[in-house]
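Student: Could we go through how labels of this kind are assigned, setting each value against its cut-off?

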Amino acid sequence: MKRLGIAFSGGANPAEIVDCVKLAETLGYESAWVAEGHGGDQFAVLSACAAQTSKILLGTSITSVFVRTVPTIAMAAATVDAISGGRFILGIGSSHKVQVEPDHGVPYGKPLSRVRESVAVIRALLRDGRVSYAGETVRIEGFDLWFTPLRAAIPIYLSAVFSKMTTLCGEIADGIILTRSTIATAAQVRERLAEGAKRAGRDPSAIVVTSLLPTAWSRGNRQAAERAVSDALIDATSVAGTPEQCHERIEAYRRSGVDLPILSPFARGPGAKARFEAVIKTCAPSARPG
C-alpha cells in the first residue's frame with residue numbers, strides 16, 4: 001500500500017485526534033503527525049494515540065527547539081517511542097521568530113546552530129543516557145536519563161523552508177518535513193539535500209522527503225480560501241477538489257519526488273472531527289476511486 005500520512009494542527013480536541021488516528025490506521029495510513037501550537041500537548045496526544053494503536057507511525061510536526069529544553073525534547077521522544085513500541089518519529093525545527101517570541105516569551109536567534117546542536121544532544125542522550133554539551137546555543141553541564149530508552153536511536157526529521165536548513169537536513173537528519181510544497185519543490189530540495197549529504201559523507205537517497213499538504217475535500221473550504229488567496233495558489237500548494245482530484249494530486253506529489261505525502265486538513269469548531277474523518281476516509285490509500 002502506498003505511503004500516506006495525516007497531520008493534525010488543532011481544531012479537533014485531543015480525544016477526537018486519537019479517534020481519527022485509530023481510523024487512519026484501519027484505512028492504511030503509514031503515519032500520523034501532531035503539531036505543536038495551541039491544540040494541546042503534542043507528546044501527550046501522541047502517547048494516547050500510541051496506547052490505542054498498534055501499527056501506525058507517530059510523529060511530531062513539529063517540535064520547536066526554542067520552546068522546550070533539549071533534554072525535555074529527548075525525554076518526551078523516548079517516552080512516546082517506548083509507549084508506542086518503537087513507532088515514533090521526532091520531527092523538529094526552529095519554528096520562526098514571530099511565533100516563538102510573542103507566543104512563548106523566549107528569545108529567538110541562530111536557528112541553524114540551535115537545530116544542529118539540539119539534534120546532537122538528543123542523539124547523545126538517547127544513545128548514552130547522559131550528556132554534557134558546550135555549544136554556541138546549547139549548554140548543558142550534565143543531564144542523566146533515569147531510564148533506558150526503548151531505542152538508542154530514534155528517527156529525526158527536520159522541518160525546512162529555506163535552503164540553508166535544507167542543506168543542514170542533508171547533513172544530519174533522517175528525513176525532511178516540507179510545508180506547502182509545489183510539484184517542483186521536491187526536485188529542488190533533493191539537490192540541496194545532496195549537497196548537505198556530500199559534506200557529511202552520507203547517502204542522500206536515505207533521507208525521507210515528506211511534505212505537509214493542506215487538504216480540502218470536495219473543495220469544502222474553497223469559498224473561504226478564495227477570499228484570501230487565488231485559485232492558482234490553492235491548486236499549486238494543496239490537495240483540493242473532488243475525491244478523484246485529491247487522489248490524482250497526491251499521486252502527482254509522489255511522482256515529483258515526495259516519498260511521504262502528509263495530508264494536513266484545516267478544521268476548527270464543532271465540526272472539526274467530522275471534516276478530518278471525511279478527508280481520512282476519502283483520501284485513504286485503500287479508497288482510490290476506480
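**Pocket lining and aromatic pairs**

Tutor: In this predicted model, the lining of the second largest pocket receives at least two residues from each of helix 6 (163-172), strand 9 (175-179) and helix 7 (185-200), and helix 7 gives the largest share, four residues. The volume of this pocket is about 210 Å³, and among its 13 lining residues Val161, Thr166, Leu178, Thr185 and Val189 are the closest to its centre.

Student: What makes the pair of tryptophan 33 and tyrosine 157 tilted?

Tutor: Planes under 30 degrees apart would count as stacked and planes over 60 as edge-to-face; the planes of tryptophan 33 and tyrosine 157 stand at 35°, with ring centres 6.0 Å apart, so the pair is tilted.

Student: Why is the pair of phenylalanine 66 and tyrosine 108 called tilted?

Tutor: The planes of phenylalanine 66 and tyrosine 108 are at 35° and their centres lie 4.4 Å apart, so this pair is tilted. Phenylalanine 66 is in the loop between strand 4 (63-64) and helix 3 (70-84), whereas tyrosine 108 is in the loop between helix 4 (97-104) and helix 5 (111-128), so the pair ties together parts 42 residues apart in sequence.

Student: Why does tyrosine 108 count as buried?

Tutor: Buried means under 20% relative accessible area, and tyrosine 108 has 18% relative accessibility, so tyrosine 108 counts as buried. Phenylalanine 66, at 8%, is buried by that rule.

Conventions. Residues are numbered from 1 along each chain as its sequence is written. This is a predicted model: local features need pLDDT of at least 70, side-chain atom pairs count only at pLDDT 80 or more; totals for chains, interfaces and linings use all residues. Side-chain values use heavy atoms; hydrogens and water are left out. Rings of Phe, Tyr and Trp (its six-membered ring) pair if their centres lie within 6.5 Å; planes under 30 degrees apart count as stacked, over 60 as edge-to-face and the rest as tilted. Buried means under 20% relative accessible area, exposed over 50%, partly exposed in between (1.4 Å probe, protein chains only). On a 1 Å grid over the protein atoms alone, a cavity is a set of points where a 1.4 Å probe fits but cannot get out, and a pocket is an open set with protein on both sides within 12 Å along at least five of seven lines; lining residues have an atom within 4 Å of a point. Grid points are joined across faces, edges and corners, and a volume is the space filled by probe spheres set on the points.
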